[in-house]
Amino acid sequence: MTSIGEVLAAAPRASLKGPRRPPGYRHLRGSDFTWTVAFILPYAAVFLAFAVYPIGYALWMARDPALYAALVADPRYLTSLVNTLLFVAFGVNVKMFLALVLSGFFLRRGWWIKAILFVYMLPWVLASVQAFIAFHWMLIGDPGLVDGVLSALTGIEGPVWFNHRWLAIACNIIAYIWKWMPFWTLIFLAGRTAIPRVFYDAAEIDGATGPRRFIHVTVPMLANLYLLCTLLSVIWTLGDFNTVYFVSAGGPSSASDVLTTLGFHYTFETANPALGVAAMMSALPVLVPVVILLLRKLDSGEVQL
Amino acid sequence: MSFALASLPPVRRRYRRRRVLTEIGAAILGLVLLIWSLVPVYQMFLIALDPEEGEIEFTGNMWPHGASLDGFHDVVTQEARYLEDFWRQFGNSLEIGLLTMLLTVLITSLASFAIGRMRLGSGRLLANAALLTYALPASFLVIPFYKIMYGYGLSDNPWAVVAAQVTFASPFAILILQHYGRLLPLEIDDSARIDGASALQVYLRIYLPLMAPALTIVAIYALLLAWNDYLYQFVLLTSDRHLTVSGTQSDLFADIDAPWNAMMAAAILYALPPVALFCALYRYVARGLVLGEVKG
């Protein structure tokens, strides 16, 4: 005896399963099967040898509970936990929102828009280490370029950026946004060009222009893509090492370190790799739900990149 | 002109004024974006054009006073400290970058073809499994990677870095290729198969050419991943023979009087290959965007 709830729960799933299967689906036979296996094999080998094995190894390295007790006892760990949270929260959300808005700007017609897009993409193409070192010199120094311009324009004497924890974190976040915003703008630009024109025309007839058209047409059409990109970006931002290591270098005295740079210090300066891996692994409670959500979003087939 | 404006009906005039305002707004935003994008690049040139080596001289300059190309000269001739092996390191970086790019394109296009075009029942599952690579960010895995590479006999070997970069570029590459692959109707493959083409021929003659825009994005993405990487090159490569430009950067901060002008000149030279590739392939990227438009 099946309850109505079960039937209702099963019904939409069944209807989703049907059309998902490609038309003309058949079992692979003979040489096709051989080819398919041969095509998949290289990636499967890479995946097993260089993704599955290291992930398993990392979990094994960080298996000892005593490591986590040692982490919590270290005040630097708690500081870097808060920093990581700030870095991810602002680094991801501000970047994504600006990228979404700016992708609309780059949809405008005209040669100068194309020229600006080209220059705007430069931070993405520049190597991150060198660009972040340039950021470092822009802010540090006696005075750096930013403080120099500030005092020339307004007469205000700028702060010593990396002497204050919050300022140093803010600098890291801004550098991170500078580097990665163009990439996501490009993705959203592609997403926007895929929105059929008819929707905009219909909205225009109904009198929606400018911001209202953005809210009522663009946002709903890109919502899924936006969510997917945000999830991916959370993973990548959590794992970012170069920004903090080269822009603020963790200063003042490792008060702006994030989990990755702290793990690096544990590994190479205090020669305790297991503790380093454990420091990074402590982000797993956040990472696992994000990855599950990402996979479910992709598997539902409603989002395409 | 004012007469013409006055004779327009008020609604048209308001519309026109709004359009002018939007144009001005767009121009201001464009200017802000240019400054935002170029200030760190300007800083790089400011340091690179500094006539004297050493840490302190360039700070505080807003213009390159007494700009000179000495920095670039020292890089090209490998005369500056830390840069004695610049061109060998540059070659190593190039080798790792190009191998990563080629292998990523090859491996992921083969896998995507099998998953998306061969009507593999469990194809989705495989594509999703690839994304599990991101369950742990790349930087979290560098220490296990170091130990594993030692076990594989690949310590201090550029191939270890290439393996890492290909691994972390692939899931996103497969994601992109799967998406673009769905825009191409399967009937194209079917008609070729009816004409007697084998799976390999379909892959070579139909899939690869039609996927060119997506493959371009994947190629740039993979090259940039390898080019941006510091951690893996620093940790996995130890001998002078294999060091890369990126992996040697952190030595400088330990030196109070490092030759920063030459270092920034080196940074600018290092930035050139991806910029050149981006320029060369820009129209393909643009075409990729247009392909998205066709779908709508």
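I looked up the contact between the chains in this predicted model: chain A gives 78 residues and chain B gives 74 residues, two residues being in contact if their C-beta atoms, placed from the backbone, lie within 7 Å. Helix α2 (residues 30–61) of chain A supplies 17 residues, the largest share of the side of chain A that touches chain B. I then sorted that side of chain A by class and noted 60 nonpolar, 13 polar and 5 charged residues. Here Ala, Val, Leu, Ile, Met, Phe, Trp, Tyr, Cys and Pro count as nonpolar, Asp, Glu, Lys and Arg as charged, and the others, Gly among them, as polar.

I next recorded the make-up of chain A: 15 helices and 0 strands, taken as DSSP runs numbered from the N terminus (helices H or I, at least four residues; strands E, at least two). Of its 305 residues, 42% count as buried, that is, with 20 or more other C-beta atoms within 10 Å of their own.

I examined one helix pair. The axes of α4 (residues 75–105) and α9 (residues 165–193), both of chain A, come within 7 Å and cross at roughly 40 degrees; axes are lines fitted to C-alpha atoms over the stretch in contact, with angles from 0 to 180 degrees between N-to-C directions.

Local features need pLDDT of at least 70 and side-chain atom pairs pLDDT 80 or more, while totals for chains, interfaces and linings use all residues.

Note on methods: Residues are numbered from 1 along each chain as its sequence is written. Chains are lettered from A and ligands numbered from 1 in the order in which they are written. A residue is buried if 20 or more other C-beta atoms lie within 10 Å of its own, exposed if 12 or fewer, and partly exposed in between; C-beta atoms are placed from the backbone.
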